[in-house]
Amino acid sequence: MTDEWQKIEGAQIWNFQENAEIIGKLLRKEDGQYTKNYIIELDDKQEWLVYGKTVLDRKMEQINPDQRVKIVFLGKQTSADSGRTYDNFEVFVASPPEGTV
């Protein structure tokens, strides 16, 4: 008996510095060691892993699984209070189609 092997692929990792925007359906949130991890499914059904950052985590708290989300990397910012540099993001959620609420 010969086994046929099929390679199992994991989610690709979103590199926000190379591609500043990702749009898709939030499948789930996972607890990482220091921040959350987000699994986003694109329209072509590919799954992408988005590593959380403090600013991103705070905004993603308002997003529920199965909602369509757009995350945009705005670049590095410097805090006026602390002088520390951080990665800044905008997060958008798609409105549900009319009549589906």
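**Burial, strands and a pocket in a predicted model**

Trainee: Is Glu-41 buried or exposed?

Mentor: Glu-41 is buried, because its relative accessible area is 15%. Buried means under 20% relative accessible area, exposed means over 50%, and partly exposed lies in between, with a 1.4 Å probe and protein chains only. The model is predicted, so local features need pLDDT of at least 70 and side-chain atom pairs count only at pLDDT 80 or more, while totals for chains, interfaces and linings use all residues. Residues are numbered from 1 along each chain as its sequence is written, and side-chain values use heavy atoms, with hydrogens and water left out.

Trainee: Where does Glu-41 lie?

Mentor: Glu-41 belongs to strand 3. Strands (E, at least two residues) and helices (H or I, at least four residues) are DSSP runs, numbered from the N terminus.

Trainee: And which residues does Glu-41 touch?

Mentor: Leaving aside residues up to four places away in sequence, Glu-41 touches Gly-24, Lys-25, Leu-27, Gln-46 and Glu-47. Contact here means heavy atoms within 4.5 Å.

Trainee: What about Asn-37, buried or exposed?

Mentor: Asn-37 is buried, with a relative accessible area of 14%. Asn-37 also lies in strand 3. Not counting residues up to four places away in sequence, the residues that Asn-37 touches include Arg-28, Leu-49, Val-50 and Tyr-51.

Trainee: Stepping back, how many helices and strands has the chain?

Mentor: The chain has six strands and one helix. Along the sequence they follow the pattern β-β-β-β-α-β-β.

Trainee: In what order do the strands form the sheet?

Mentor: The six strands form an open sheet in the order 1-4-3-2-5-6, with mixed pairing. Strand 1 (12-13) and strand 6 (85-93) are the edge strands, each pairing on one side only. Two strands pair if DSSP finds at least two bridges between them.

Trainee: How many bridges join strand 5 to strand 6?

Mentor: Nine bridges join these two strands, which run antiparallel. Strands 5 and 6 form a hairpin with six residues between them, and Gly-83 in the turn has a positive phi of about 80°.

Trainee: Over how many bridges do strand 2 and strand 5 pair?

Mentor: Strand 2 (residues 21-31) and strand 5 (residues 68-78) pair over five bridges, in the antiparallel sense. Within that pairing, Lys-25 has Arg-68 of strand 5 as its bridge partner.

Trainee: Is Arg-68 buried, exposed or partly exposed?

Mentor: Arg-68 is partly exposed, because its relative accessible area is 35%. Besides Lys-25, Arg-68 touches residues including Ile-23, Asp-43 and Phe-92, not counting residues up to four places away in sequence. Arg-68 and Leu-42 are 26 residues apart along the chain, and their C-alpha atoms are separated by 9.4 Å.

Trainee: New topic: what is the phi of Lys-45?

Mentor: The phi of Lys-45 is near 75°, a positive value in a residue other than glycine. Lys-45 is in the loop between strand 3 (36-41) and strand 4 (47-51), and Lys-45 is exposed at a relative accessible area of 59%.

Trainee: And Asp-66, what is its phi?

Mentor: Asp-66 has a positive phi of about 80°, although Asp-66 is not a glycine. Asp-66 sits in the loop between helix 1 (54-60) and strand 5. With 57% relative accessibility, Asp-66 counts as exposed.

Trainee: What volume does the largest pocket have?

Mentor: The largest pocket has a volume of about 240 Å³. A pocket is found on a 1 Å grid over the protein atoms alone, as an open set of points where a 1.4 Å probe fits, with protein on both sides within 12 Å along at least five of seven lines; lining residues have an atom within 4 Å of a point. Grid points are joined across faces, edges and corners, and a volume is the space filled by probe spheres set on the points.

Trainee: Which residues line the largest pocket?

Mentor: Among them are Thr-35, Lys-53, Arg-58, Ser-82 and Tyr-86. Helix 1 and strand 6 each supply at least two residues of that lining.

Trainee: One last thing: what share of the chain do buried residues make up?

Mentor: Buried residues make up 28% of the 101 residues in the chain. The C-alpha atoms fill a box of roughly 65 × 40 × 25 Å, taken along the principal axes.
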